[in-house]
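Hello,

Here is the structure I said I would pass on. Please look through it first, then read the notes below it.

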Amino acid sequence: MLVSMPFSLLAFVAVAVAYREPAGHEYQKPGPNDSRSPCPGLNALANHGYLPRSGENMTVPQILSAAKQGFNMNWDVIQAAAKQGLLSRDDEGSDSVLSLEPLALHGLIEIDGSHSRDDYRDGTGDNLHFNSTIYNSWLAVSNPGVDYYNTTSAGWTMYHRLQYSLQTNPNVTNAQHDVFGRAGTSALYLSVMGNTTSGVAKKEFVDIFFREERLPFLEGWSPSKILITAASVGALVPTIFEASNWTQTDHCEPIVLGPNSIFNTAA
Ligand code: HEM
Ligand SMILES: *[C@@H]1O[C@H](CO)[C@@H](O)[C@H](O)[C@H]1NC(C)=O
Ligand SMILES: *[C@@H]1O[C@H](CO)[C@@H](O)[C@H](O)[C@H]1NC(C)=O
Ligand SMILES: *[C@@H]1O[C@H](CO)[C@@H](O)[C@H](O)[C@H]1NC(C)=O
Ligand SMILES: *[C@@H]1O[C@H](CO)[C@@H](O)[C@H](O)[C@H]1NC(C)=O
Ligand SMILES: *[C@@H]1O[C@H](CO)[C@@H](O)[C@H](O)[C@H]1NC(C)=O
Ligand SMILES: *[C@@H]1O[C@H](CO)[C@@H](O)[C@H](O)[C@H]1NC(C)=O
Ligand SMILES: *[C@@H]1O[C@H](CO)[C@@H](O)[C@H](O)[C@H]1NC(C)=O
């Protein structure tokens, strides 16, 4: 007993010192009146206080700055989405602020075939909250036998998740806006939970990000060492898209979100 005690003490100290949440940015579950979105990225930033924990009335610059602080992500990755998000509210006084829950507005940014949310289903599906049935449905086919996701597994995930929607949702929307949304958000989880250059992310970290909307500091995660940019995220998207064997069942006009939007020239 006497002999083993110093060892266990040492082990305890080592773990406690190695992995800590940054002061002031500890994870807290949202309270009953806090607003949360269909986006695990924004929700995690709010759950760690990089965004207001209320999830309400945030400006675009505030969101870009939170992403820089929490993920080491450059403004150019999410500026268009954040500006688009301003359209999710139309109450007086919402000209320059947005809140998280309204981002579930179907068809604005929110799409069918999401990794962790149910489809909108003509208003009967819950497209806002994490849904474990949806999320668990693709885990088994996504890089079985290894402990990481990559662009290939992200494509498989998209393929299988879409088959589920096509089979169970008579109201599914599956056009270029949707598939690039899915490939884009795949590139985002690989980039923020893993390596934005290689597109490889530990499953453990991705799992905590989706299920708890928590940044896994305590498990050894830290924000990307290199700045995550529109170029680094954008470079992963075509590979993920190719691996997804997309079957298009709807068509839409190109959606112009800015001079350099990936949707501008979509088929
Ligand atoms: C801060 C960095 C961000 C990261 C890491 C991130 C990550 C993600 C991921 C991984 C998803 C897919 C969720 C799923 O498929 O279940 C997603 C969805 C979504 N994100 Fe974000 N996001 C970020 C910023 C933003 C911004 C700035 C907005 C708009 C203000 C936004 C709005 C949304 C919306 C509305 C969805 C739902 C899309 C869907 O239906 O799948 N996100 N995001
Ligand atoms: C949430 O809002 C309700 C209604 O306004 C209020 O009664 C309650 O105290 C609030 N809860 C918290 C934790 O702020
Ligand atoms: C956000 O702004 C609305 C008015 O636009 C207000 O009712 C609400 O209380 C604000 N929320 C917070 C957390 O300040
Ligand atoms: C999760 O999604 C499944 C599949 O569409 C649905 O049957 C189930 O009711 C959803 N669960 C919750 C809690 O919304
Ligand atoms: C992703 O990982 C799987 C499993 O190790 C591997 O077969 C596949 O080639 C990898 N994809 C890329 C793009 O490296
Ligand atoms: C996509 O198609 C290729 C070629 O037919 C095939 O090897 C691959 O397994 C398919 N991937 C998925 C996710 O179905
Ligand atoms: C959704 O699908 C049902 C069943 O096919 C159909 O009756 C309904 O009109 C559809 N709604 C929309 C908005 O497409
Ligand atoms: C990320 O991946 C790139 C390309 O494979 C590699 O050169 C780099 O060392 C990796 N970064 C980290 C932090 O592992």
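In this predicted model, a polar side-chain atom of N171 comes to 2.5 Å from an oxygen atom of ligand 7. D122 also takes part: one of its polar side-chain atoms is 2.8 Å from a nitrogen atom of ligand 7. On its own, ligand 7 has 370 Å² of accessible area, and the protein covers 31% of it.

Next, ligand 3. Which residues are around ligand 3? They are S54, E56, N57, R89 and D91. By type, this shell has no nonpolar residues, 2 polar ones and 3 charged ones. Three of the side chains can be described in terms of distances to ligand 3:

- N57 has a side-chain N or O atom 2.3 Å from an oxygen atom of ligand 3.
- E56 has a side-chain N or O atom 2.5 Å from a nitrogen atom of ligand 3.
- R89 has a side-chain N or O atom 3.5 Å from an oxygen atom of ligand 3.

Ligand 3 exposes 360 Å² when taken alone, and 38% of that is buried by the protein.

Ligand 1 contains an iron atom, and its only protein donor is C39, through the atom SG, at 2.3 Å.

Now the contacts within the protein. Side chains of opposite charge can pair when their charged atoms come close. The structure holds 7 salt bridges. One of them joins the side chains of R117 and E213, with 2.8 Å from N to O. This pair links distant parts of the chain, as R117 and E213 are 96 residues apart. R117 belongs to the loop between α4 (75-85) and α5 (132-136). E213 belongs to the loop between α8 (203-212) and α9 (230-243).

Last, the database record. An unreviewed UniProt entry annotates residues 23-235 as "domain: Heme haloperoxidase family profile". In the model, the span 23-235 is 41% helix and 3% strand.

To go through the model yourself, you could begin with C39 and the iron atom of ligand 1, then turn to the residues around ligand 3, and finish with the salt bridge between R117 and E213.

Regards

Definitions and conventions. Residues are numbered from 1 along each chain as its sequence is written. Chains are lettered from A and ligands numbered from 1 in the order in which they are written. This is a predicted model: local features need pLDDT of at least 70, side-chain atom pairs count only at pLDDT 80 or more; totals for chains, interfaces and linings use all residues. Side-chain values use heavy atoms; hydrogens and water are left out. Donors are N, O and S atoms within 2.8 Å of the metal (3.2 Å for Na, K and Ca); water is not among the atoms, so sites may look incomplete. A polar contact is a pair of N or O atoms within 3.5 Å; within protein, one must be able to donate a hydrogen and the other to accept it, and residues adjacent in sequence count only if both atoms are side-chain atoms. Accessible areas come from the Shrake-Rupley method with a 1.4 Å probe; for residues, only the protein chains shown count as cover. A residue is near a molecule or strand if one of its heavy atoms lies within 4 Å of it. Ala, Val, Leu, Ile, Met, Phe, Trp, Tyr, Cys and Pro count as nonpolar, Asp, Glu, Lys and Arg as charged, and the others, Gly among them, as polar. UniProt positions are given in the numbering used here, feature names are shortened, and annotations may be inferred rather than shown by experiment. Helices (H or I, at least four residues) and strands (E, at least two) are DSSP runs, numbered from the N terminus. A salt bridge is a side-chain nitrogen of Lys or Arg within 4 Å of a carboxyl oxygen of Asp or Glu.
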